[in-house]
Amino acid sequence: MPLSRRPLALLAALALVSAVTACTNAAVGDPVGAPSDQKKPTSSKDPAPAPPPRDKLKLALDNGRQSGGTVIAGAGDAPYNYAPAVMLDNGKVRAWWCSQLSAAPPGGDDILYSEGPGVGGPFSTAVPVFSGSGGSFDAMHTCDPSLIKIGDVYYMYYTGASRDNHANGSSAGVASSKDGITWTRENGGQSILGPAGDIIRENTYGAGQQSAIYLDGWVYLMFTDTTGLASHQNGAGQYVLRSKDPTFAKGVEALGKQGFKPVTSNNGPRTRSVVEAFSSDWMWIDAVSSFAIAHETDNGTTITFWNRDFTRHPFEPVLIPGPWREGPGLLRTPEGHAPINAKDPCGRVAIDVLRGTVEGPAGPTNISHFGIDVRGIRGCATAAEARVLNGFAVPSPERTLDVVAGGNLMRFERRSVAEKFSRGVLGTRPQGVDSFKLTAKVPAGAPAVSNPDGAVGLLLDGKLWVVNSTELAALNSSQISTVSAEQWAAYERLPDLVRP
């Protein structure tokens with residue numbers, strides 16, 4: 001396909017005219033107002049004062065990693081590959097990215113799809129799953145996918161353009177899917193946001209390169225707008241809208257200098273940028289209530305951190321070094337969150353990205369994998385943060401073990417039983433765990449019952465905890481008695497949240 005058919009690669013070239021640093025500037029907006037993470041306890045029931053806010057903590061880095069070569073690529077005549085969206089979904093890694101195939105009309109940028117067992121591959125043969133509509137704002141080009149999953153529906157936010165000559169014509173759209181492969185355009189096939197037109201610059205890209213996160217019922221959408229008021233003179237800047245409507249047709253708020261405020265137009269003035277960059281991706285780190293923004297800088301991918309209200313940088317930026325050309329795609333959960341570290345969920349976060357590494361004849365390509373672990377995050381300090389410990393066991397005040405289950409605690413007298421029930425055992429008790437309610441205690445030798453169908457449960461203070469495990473009962477020295485179906489049904493159950 002002719003080079004004129006790939007407008008989004010022009011942005012990469014423009015980005016290199018003025019090097020983007022890892023630092024923020026006045027336009028980005030340093031901490032403004034009183035951060036919410038400094039609030040004091042609101043009632044005498046709070047178990048402890050709120051922890052001090054994290055403020056530019058320096059993180060330790062280890063476990064640097066890199067793939068041996070290209071991880072994902074288009075098949076056939078695909079001339080370039082960049083801007084991947086990477087999702088850890090039901091035990092496999094799924095990737096969508098920008099390319100172009102002549103087999104996928106109309107001629108223009110297409111979104112390809114592939115999947116594999118891990119972020120380093122191997123990935124399946126790429127297939128096109130989304131292309132230009134032939135009409136509307138995305139008539140010719142669709143690119144820069146970002147995906148989240150809400151319930152059983154995937155939402156893909158993408159950049160669309162109707163022609164090769166940008167003239168600030170790029171805009172963002174959204175499509176939905178039940179499987180991540182077959183897509184339906186939302187919002188009547190119209191864009192959900194476009195360039196604000198605050199300042200017309202030499203870089204005439206427009207708006208797009210969006211990245212979405214689903215958090216507490218809100219969809220947070222970060223995006224480029226080269227016409228934004230707070231962008232660098234070369235057009236670099238990242239803006240944030242949020243809405244509880246995934247199509248951004250109602251209830252939209254924009255991040256400004258004084259936080260999030262309702263807006264009547266998604267294309268209103270862009271007064272605050274969160275990082276000076278193009279083609280960024282981001283994720284939410286639950287263990288520390290922080291956003292992590294991945295953006296390309298001189299020596300690799302820089303990760304810039306913000307607290308929930310964008311009033312403070314909780315950590316100093318970190319760098320994932322190595323070659324790049326465009327589009328870091330973070331490995332994220334379906335909601336756009338950081339995967340939980342199985343060995344140290346409160347102290348360590350694995351950050352993995354896929355990014356184009358070579359400027360080929362037609363544009364950025366050769367998407368490869370890079371990653372690091374960050375340590376010393378001081379996570380799980382609040383009840384909200386400690387929810388990442390769901391399924392983990394921690395030391396209890398009674399020298400036993402507490403297992404976190406859905407924001408509640410179960411206290412096990414026997415370590416072997418707690419280990420069997422949990423996904424891992426921590427050596428220390430994070431502060432946030434003290435906010436959870438102790439739902440039940442599991443003493444050694446607690447009576448066990450089974451029904452005629454073989455289901456097994458422990459009786460804890462007269463309530464039935466269904467475990468369906470004779471092994472767990474044996475580890476607890478619980479003798480199993482068979483009861484009738486009527487008696488089994490008559491027992492008061494412990495809440496579902498404490499089932500294994």
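## Disulfides

A search of the whole structure, which is a predicted model, finds two disulfides, a disulfide being a pair of cysteine sulfur atoms within 2.5 Å. With bonded cysteines counted along the chain, the disulfides of the protein chain follow the pattern 1-2, 3-4.

Because Cys 98 lies in strand S3 (residues 92-99) and Cys 143 in strand S6 (residues 141-150), the pair ties together parts that are 45 residues apart in sequence; helices (H or I, at least four residues) and strands (E, at least two) are DSSP runs, numbered from the N terminus. Cys 98 is buried, with a relative accessible area of 0%, and Cys 143 is buried, with a relative accessible area of 0%, where buried means under 20% relative accessible area, exposed over 50%, and partly exposed in between (1.4 Å probe, protein chains only).

Cys 346 and Cys 380 form a disulfide with their sulfur atoms 2.0 Å apart, and the torsion about their S-S bond is about -90°, so this disulfide is left-handed. Cys 346 lies in the loop between strand S19 (326-332) and strand S20 (348-359), while Cys 380 lies in the loop between strand S21 (364-375) and helix H2 (383-386), so the pair ties together parts that are 34 residues apart in sequence. Cys 346 is buried at a relative accessible area of 10%, and Cys 380 is buried at 0%.

## Confidence and basis of the model

The mean pLDDT of the protein chain is 89, and 89% of its residues reach 70 or more, pLDDT being the predictor's confidence in each residue, from 0 to 100. Over residues 1-44, however, the pLDDT is below 50, and this stretch has 107 contacts in the model beyond near neighbours in sequence, a contact meaning heavy atoms within 4.5 Å. Where pLDDT is low, the predicted coordinates should not be read in detail.

Residues are numbered from 1 along each chain as its sequence is written, and side-chain values use heavy atoms, with hydrogens and water left out. In this predicted model, local features need pLDDT of at least 70 and side-chain atom pairs count only at pLDDT 80 or more, whereas totals for chains, interfaces and linings use all residues.

## Overall fold

The protein chain has five helices and 31 strands, and of its 500 residues 57% count as buried. Among contacts in the protein chain between residues at least 6 apart in sequence, 62% join residues at least 24 apart.

## Cavities

The structure holds two cavities of 30 Å³ or more. On a 1 Å grid over the protein atoms alone, a cavity is a set of points where a 1.4 Å probe fits but cannot get out, and lining residues have an atom within 4 Å of a point; grid points are joined across faces, edges and corners, and a volume is the space filled by probe spheres set on the points.

About 180 Å³ of space lies in the largest cavity, which is lined by 20 residues, with Pro 84, Ala 85, Pro 145, Ser 146 and Asp 281 lying nearest its centre. The elements that give two or more residues to this lining are strand S2 (82-89), S6, strand S10 (207-215) and S19, and S2 gives the most, with five residues. The lining of the largest cavity divides into nine nonpolar, eight polar and three charged residues, where Ala, Val, Leu, Ile, Met, Phe, Trp, Tyr, Cys and Pro count as nonpolar, Asp, Glu, Lys and Arg as charged, and the others, Gly among them, as polar. The second largest cavity holds about 70 Å³ of space, and its lining residues, including Ile 285, Asp 286, Arg 348 and Val 388, divide into eight nonpolar, one polar and two charged.

## Two individual residues

Asp 179 has its place in the loop between strand S8 (171-177) and strand S9 (184-185), and is partly exposed, with a relative accessible area of 35%. Not counting residues up to four places away in sequence, Asp 179 touches Arg 94 and Tyr 154, while the C-alpha atoms of Asp 179 and Asp 152, 27 residues apart along the chain, are separated by 8.6 Å.

Ser 171 is found in strand S8 and counts as buried at 9% relative accessibility. Its contacts, not counting residues up to four places away in sequence, include Phe 137, Tyr 158, Ser 191 and Ala 207.

Methods: On a 1 Å grid over the protein atoms alone, a cavity is a set of points where a 1.4 Å probe fits but cannot get out, and a pocket is an open set with protein on both sides within 12 Å along at least five of seven lines; lining residues have an atom within 4 Å of a point.
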